[in-house]
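Subject: Structure for you to look at

Hello,

Here is the structure I said I would pass on. Please have it open while you read the notes below it.

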Amino acid sequence: MMRSSIHLILRSGRNLVPEFSGRFSFLVSSRRLSTSILTPEKGVIPPELLSKQGVVTPDRTYGKYDDLVTRVTNFHNEDKGLMVLAGDVFDVPIRKDIIHRVVRWQLAKRQQGTHSTKTISEVSGTGKKPYKQKGLGRARHGTLRGPQFRHGATMHGPKPRSHAIKLQKKLLVFEDLEVPSHKTKNIVNYVSQMENTKKLLVVDGGPIDEKLKLATQNLHYVNVLPSIGLNVYSILQHDTLVMSRDAVNRIVTRMHTPINR
């Protein structure tokens with residue numbers, strides 16, 4: 001239905017009213033899905049298109065977190081009404097850096113990492129010195145399994161390994177960061193219960209509790225900071241970030257506070 005309508009518009013485009021001709025030409029040129037803002041201006045979407053045709057997308061800036069409305073259909077192109085798409089999910093700004101990281105992560109995880117070459121200790125052959133050190137006028141060699149000989153070893157070749165890369169940090173929000181005592185074993189038990197946690201950064205809202213400070217000072221993989229000291233470099237050095245509710249509220253307040261220079 002949509003394709004035949006487009007061909008009809010293209011054949012009779014000169015006879016269209018200028019107002020609707022521009023809208024239809026925009027639909028043909030962009031080939032977008034049937035999406036539009038939830039509360040379009042009056043007259044932007046022709047009423048006859050809402051039931052039989054896709055909703056024409058007005059010329060607007062994307063990534064503004066606007067709610068969208070789309071036509072619902074099926075394999076038979078039957079009209080099943082309209083559906084609202086949440087703007088904070090379907091109209092978010094495009095982050096090319098995040099897309100790049102996800103593609104790299106996906107392609108790296110796809111590699112098996114089973115490539116392998118033999119080192120000098122893995123190559124078959126004798127370890128006997130091929131000839132004496134002096135008197136023959138030849139180069140000095142201690143083995144025939146070296147990389148300079150045929151069927152010898154491969155130096156610095158690939159070995160089986162994982163090509164996976166870490167994509168994102170893990171964030172945990174606690175009600176508070178109170179610990180029963182200053183014993184280090186309490187923190188060790190807590191960290192062991194967290195999945196895939198090797199380095200932990202704990203952020204509290206106000207001054208760090210003395211018990212928590214004593215319990216973590218002997219652990220090189222656990223660091224504690226107040227919310228005022230949270231920074232990008234510290235976050236990147238850890239794979240798991242634990243924040244108290246108070247710390248989250250203070251960070252949000254700080255991010256919403258304008259900077260006066």
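V203 has M243, in strand β7, as its bridge partner. That bridge belongs to the pairing of strand β5 (residues 200-204) with strand β7 (residues 240-244), which is parallel and runs over 4 bridges. Please keep in mind that this is a predicted model.

The two strands are part of an open sheet of 4 strands, and the order across the sheet is β4-β7-β5-β6, with parallel pairing. Which strands are at the edges? They are β4 (170-174) and β6 (222-226), each of which pairs on one side only. From one strand to the next, the twist averages 20°.

A helix goes with this sheet. Helix α9 (residues 245-256) lies across β4, β5 and β7. The angle between α9 and β7 is about 90°.

Next, a single residue. L212 sits in helix α7, which covers residues 210-216. Is L212 buried or exposed? Its relative accessibility is 4%, so L212 counts as buried, since the cut-off for buried is under 20%. What does L212 touch, apart from its neighbours within four places in sequence? The residues in contact with L212 are L177, V179, I187, V202 and V224. Of these, V202 falls within the range of strand β5 (residues 200-204), and V224 falls within that of β6 (222-226). There is also a C-alpha distance to note: L212 and K183 are 29 residues apart along the chain, and their C-alpha atoms are separated by 8.9 Å.

Together with I94, I99 and V103, L107 makes a nonpolar surface patch of about 390 Å².

Last, some totals for the protein chain. How many helices and strands are there? The chain has 9 helices and 7 strands. It is made of 261 residues, and 26% of them count as buried. The chain exposes about 19500 Å², with 56% of that supplied by carbon and sulfur atoms. For contacts between residues at least 6 apart in sequence, 58% join residues at least 24 apart.

Regards

Definitions and conventions
Residues numbered from 1 in each chain as written. Predicted model: local features only at pLDDT ≥ 70, side-chain atom pairs only at ≥ 80, totals over all residues. Heavy atoms only, no water. Patch = residues over 30% accessible without salt bridge, like charges linked within 9 Å, V, L, I, M, F, W, Y side chains within 5 Å. Areas by Shrake-Rupley, 256 points an atom, 1.4 Å probe, with all protein chains shown as cover. Salt bridge = Lys/Arg side-chain N within 4 Å of Asp/Glu carboxyl O. Buried < 20%, exposed > 50% of the residue type's maximum accessible area, 1.4 Å probe, protein only. Contact = heavy atoms within 4.5 Å. Pairing = 2+ DSSP bridges. Axes fitted to C-alpha atoms, helices over the stretch in contact; angles between N-to-C directions.
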